[in-house]
Amino acid sequence: MGILVLKLSIKGDTIVKKVYLDFAATTFVSSEVLNEMLPCFNTIYGNTSSLHSFGRDASAIVDRARDRVASAINAKNSNEIYFTSGGCEANTMAIKGIAHSYAGKGKHIITSKIEHQSVLEACEALKAEGYEITYLPVDENGIVSVPSLLRELRKDTILVSIMAVNNEVGTIQNLKTIAKIAHEKGVLFHTDAVQALGAIKLDVQDMEIDALSISAHKIYGPKGCGALYLKNGIKIEPLISGGNQERGKRGGTLNTPAIAGFGKATEIAVRDMFVNQQKLKAIRHYFLDKVKENIDYIKINGDPHQKINGTVSISFEMVEGESLLMLLDLEGVAVSTSSACTSNVLKPSHVLKAMGIEDEIAQGTIRFSFGKSTSKEDIDYAVEKLTEAVKKLRSISPITKAGRR
Amino acid sequence: MYNKHVLAIFQNPQNAGGMKGANGVGKVGGTSCSDVMKIYLLVEDGIIKEAHFKTFGSCAAIASTDVACELIKGKTLTEAENLTGADILQELGELPQNKIYTTILAEQAVKSAIEDYYKRLEKMQKDAE
């Protein structure tokens, strides 16, 4: 099994090394996964809803994938897995679907200030419908405040939704404690585990999770495929109707190739988790040591202990993130910024803001995320280019070391 | 996203850095959450001999200030005062919609530097009297 990743590109008449350090955005599809998918395009191409053998063969593929996903998160029953188009859909389905089904009990939902946009926007949409949303604060390391959850739970609270691992800074939340507290008050618990799958152990029974969202393309599976785990017995209103697929909870012909790939990818993610994490841990340390050795005035964001190995968020003072990203990109190094720039302001990320990081420092934040194919040579090259880029941008920055806010 | 021309200017700006002996310096932005642009001018006999910039901001902000400096070099102060964001945008070719404001900001930075030059001139004349 070889990992095929393009690490060179041609720019003018020179060959530039390419280093991908954005695995939290998406991953390549591993060859094991791709091999699992290929027959589903032109050999086992039936519609799972068909009664004939073509349909049954496709169903068998989906069943196997469902079993694999269920077993990866230790779901009691495979029929608790609902395939979706990805993490966004799973999050939206869980939050809106549960809220609508339990509106009779109450209209209060608790989430956090550092959730993924799909969770925040689903909550905002519910707010417009008359639901009340409480956004829990986080500490300076990005950990959701458990005492504030205790304070905010009410009689009319129907759902608590807290992400397992933050996508920007990699902080791991206290899921088991949060679920326990919610359940003591009879409140359902959903978690967006898109960044957690393959990075930390997920056991929905042990962690008492009622609903959980995952996505294939973060774990070397295909894009456009994910799943919602929903514990049997919990009611949910479908987002997409128009078919009996997924036990009537999600209409639409099943994307057999993607689902087959997703099943395989989750199986591998759990099978190789220990080895992958050991490797990522070594890469992370190697990277951070090199960065600290070469660049001053930096801030490493997130919790020093309660974090995943694959994601590192660093703020480079006196430098703006997007220009740093672009300079690195021109050298073939792919990273991500936290800040999204809107009309006439550089808007720092809601996550860093919630963590209390000053705007000016937050603006200079870059997320580096490592994966299976990341080598020490990649890190050497990336840090060399990073050091040059930061130096260059600081040399033309009007913000001086003395004048930092 | 950015066109090749903008990227080339961003990667290799011709007028980046501070300036010793500048006699007009202007700064815009700097409130929390925005770009900061600083323009340095060396004016002799009403002509801008040199123009440099320092910018904290996006690729567009850096390219806009570099182009602004390029456009006002060798020009009279009056000509430079008439520089607009549209002139800068035209020189850049195009920018993503949400980055066009950086050309206006660069225009304001140039105006602020010219204003500073006049202030200094006025002070010098007063001191001489």
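Hi everyone, let's start with a pair of helices in chain A. H9(A) and helix H13 (residues 376–395) of chain A pack with their axes 10 Å apart, at an angle of about 25°. This is a predicted model, so please keep that in mind throughout. The crossing of H9(A) past H13(A) is right-handed.

Which residues make the contact between H9(A) and H13(A)? From H9(A), look for A:Ile283, A:Tyr286, A:Phe287, A:Lys290, A:Val291 and A:Asn294. From H13(A), find A:Lys376, A:Ile379, A:Val383, A:Leu386 and A:Thr387. Sorted by class, the residues of this contact of H9(A) with H13(A) are seven nonpolar, two polar and two charged.

Now let's step back to the whole of chain A. The domain assignment gives domain 1 (8–24 + 273–395) and domain 2 (31–271) of chain A. Taken over C-alpha atoms, the centres of domain 1 and domain 2 of chain A are 28 Å apart. Where they touch, domain 1 of chain A contributes 22 residues and domain 2 of chain A contributes 23 residues. Our helix H9 (273–294) comes back here: along with strand S12 (311–316) and helix H11 (350–354) of chain A, H9 gives two or more residues to the side of domain 1 that touches domain 2. That side of domain 1 of chain A has six nonpolar, 12 polar and four charged residues.

Next, a sheet. In chain A there is an open sheet of seven strands with mixed pairing, and the order is S4-S10-S9-S8-S7-S5-S6. Which strands stand at the edges? They are strand S4 (81–84) and strand S6 (132–136) of chain A; each has a single partner strand, so one side of each is left without a neighbour in the sheet. On average, neighbouring strands of this sheet are turned by 20° against each other, direction ignored.

Let's zoom in on one pair. Strand S7 (residues 157–161) and strand S8 (residues 188–192) of chain A run parallel and are joined by three bridges. If you'd like one bridge to find on screen, A:Leu159 has A:Leu188 in S8(A) as its bridge partner.

A helix lies across this sheet too. Helix H4 (residues 87–101) of chain A lies across S4, strand S5 (108–112), S7, S8, strand S9 (211–215) and strand S10 (226–230) of chain A. H4 of chain A runs at about 160° to S9(A).

Over to chain B, for another pair of helices. Helix H2 (residues 59–72) and helix H5 (residues 101–128) of chain B pack with their axes 9 Å apart, at an angle of about 45°. That angle makes H2(B) oblique to H5(B). The crossing of H2(B) and H5(B) is right-handed. Residues in the contact include B:Ala60, B:Ser64 and B:Ile72 of H2(B), and B:Leu105, B:Glu107 and B:Val110 of H5(B). By class, the residues of the contact of H2(B) with H5(B) are eight nonpolar, four polar and one charged.

Finally, how do the two chains meet? Chain B has 21 residues in contact with 22 residues of chain A. The elements giving two or more residues to the chain B side are helix H1 (4–11), strand S2 (36–44), strand S3 (47–56) and H2 of chain B. That side of chain B has nine nonpolar, eight polar and four charged residues.

How values were computed: Residues numbered from 1 in each chain as written. Chains lettered and ligands numbered in written order. Predicted model: local features only at pLDDT ≥ 70, side-chain atom pairs only at ≥ 80, totals over all residues. Domains from an automatic or database assignment. Contact = placed C-beta atoms within 7 Å. Helix = DSSP H or I, 4+ residues; strand = E, 2+ residues; numbered from the N terminus. Nonpolar A, V, L, I, M, F, W, Y, C, P; charged D, E, K, R; others polar. Pairing = 2+ DSSP bridges. Axes fitted to C-alpha atoms, helices over the stretch in contact; angles between N-to-C directions. Parallel < 35°, antiparallel > 145°, perpendicular 65-115°, else oblique. Left-handed = near helix turned anticlockwise from the far one by under 90°.
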